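Visitor: I have not looked at this structure before. Could you show me how to read some of its features?

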Amino acid sequence: MGNLPLTEPVLLVLLSLAEQPRHGYSIIKDVEQVSGRRVVLSTGTLYGALKRLLAQGWIEHFEETENSRDRRAYRLTARGRRNLQVEVERMKQLTKVASLRIARKEA
Amino acid sequence: MLTLFRCLLRLYPAEFCREFAEEMTSVFCQGRRDVRHQGLKVRAQFLAREFWSMFTGALREQFSDDSFRRFDMRSFRFPRATIVVMLVALANVGYAIERAKQITDGGDTRSIWPPVLTGMFVGWLGVMGILGLIGYGILRVLKQSGAQRLSRIQTKPQL
């Protein structure tokens, strides 16, 4: 797949939405927490990424009862979840190979 | 600060603003509320990060593939600065014609413009050149950061 590996901010946004639908500010806070405050998303970065993910059908708007224009939620689509799984599998594979090589070198 | 944020929002393409401007403003306000009681350094970092990302994000959106694809000549309008640039260009053409006439006639080949105006023109060219280089630098940094890869996201995974 041409777009993998994903950039770290995009991967973290997808991970944040994998758990539950979230609003923009909630995504920023969750990404900050998941990355141990190493990645702090700014508004411009977040919405640039959300726009592209929406256009590609990886995420979608989540309709709520109290739906206002300045507080919309987003959730992962089936396609987004599938792509996230592919990326996580790729990272697992890479981590496995890296661990083996490091262990071999130490031995 | 909110006014500056809204000004930066105007740098984004109109379609992007229609879709996200209200949400982005709301998120910015929430973030500002969160850092309100923290130190000056934290607040300064927050504002610097937000404004810089708005500026670079607007550039990225303006030059994204989608924006170029959506470009419609019928709805295109030249910016107001074009009038100034065209007037300067016209003055230069007039000047070049006068100089050519002087040289052809074998007359006085000294500049018909006072040195101050010539200096201003050269200065203006210099400033435009520097601005062009800065713009080129920003686009190059954006390209190297890999931001454009987001626009090439594929929809189907290759399993």
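Guide: Start with helix packing, where axes are lines fitted to C-alpha atoms, for helices over the stretch in contact, and angles run from 0 to 180 degrees between N-to-C directions. Keep in mind that this is a predicted model.

Visitor: At what angle do helix 1 and helix 4 of chain A pack, and how far apart are their axes?

Guide: The angle between helix 1 and helix 4 (residues 78-106) of chain A is about 120°, and their axes are 11 Å apart. Angles of 65 to 115 degrees count as roughly perpendicular and those over 145 as roughly antiparallel. The two helices of chain A, helix 1 and helix 4, are therefore oblique to each other. On the side of helix 1 of chain A, the contact is made by A:L11, A:L14 and A:A18; helix 4 of chain A brings A:G80, A:R81, A:L84 and A:E87. The crossing of helix 1 of chain A past helix 4 of chain A is left-handed.

Visitor: How do I read residue spacing along a helix?

Guide: An α-helix has 3.6 residues a turn, so residues three or four places apart point the same way.

Visitor: What span does helix 3 of chain A reach from its first C-alpha to its last?

Guide: Helix 3 (residues 43-55) of chain A has 13 residues and reaches 18 Å, close to the 18 Å expected at 1.5 Å a residue.

Visitor: Is helix 3 of chain A mostly covered or uncovered?

Guide: A residue counts as buried if 20 or more other C-beta atoms lie within 10 Å of its own. In helix 3 of chain A, 11 of the 13 residues are buried, so by that definition the helix is mostly covered. Among them are A:L46, A:Y47, A:L50 and A:L53. The cover includes helix 1 (8-19), helix 2 (24-34), strand 2 and strand 3 of chain A, and from chain B helix 2 (14-35) and helix 3 (40-62).

Visitor: In what order do the strands of chain A form their sheet?

Guide: The sheet is open, with 3 strands in the order 1-3-2 and antiparallel pairing. Strand 1 (22-23) and strand 2 (59-62) of chain A are the edge strands, each pairing on one side only. Strand 3 (residues 73-76) of chain A pairs with strand 2 of chain A over 4 bridges. Within that strand 3, A:A73 is the bridge partner of A:F62, and A:R75 is that of A:E60. Strand 1 of chain A is joined to strand 3 of chain A by 2 bridges, and A:R22 has A:Y74 as its bridge partner.

Visitor: Which residues make the covered face of strand 3 of chain A?

Guide: A:Y74 and A:L76 make the covered face, while A:A73 and A:R75 make the uncovered one.

Visitor: How many helices and strands does chain B have?

Guide: Chain B has 6 helices and 0 strands, and its elements run α-α-α-α-α-α from the N terminus on. Of its 159 residues, 14% count as buried. Among the contacts in chain B with a separation of 6 or more, 57% join residues 24 or more positions apart.

Note on methods: Residues numbered from 1 in each chain as written. Chains lettered and ligands numbered in written order. Predicted model: local features only at pLDDT ≥ 70, side-chain atom pairs only at ≥ 80, totals over all residues. Buried ≥ 20, exposed ≤ 12 C-beta atoms within 10 Å, placed from the backbone. Contact = placed C-beta atoms within 7 Å. Pairing = 2+ DSSP bridges. Expected span 1.5 Å × (residues − 1). Parallel < 35°, antiparallel > 145°, perpendicular 65-115°, else oblique. Left-handed = near helix turned anticlockwise from the far one by under 90°.
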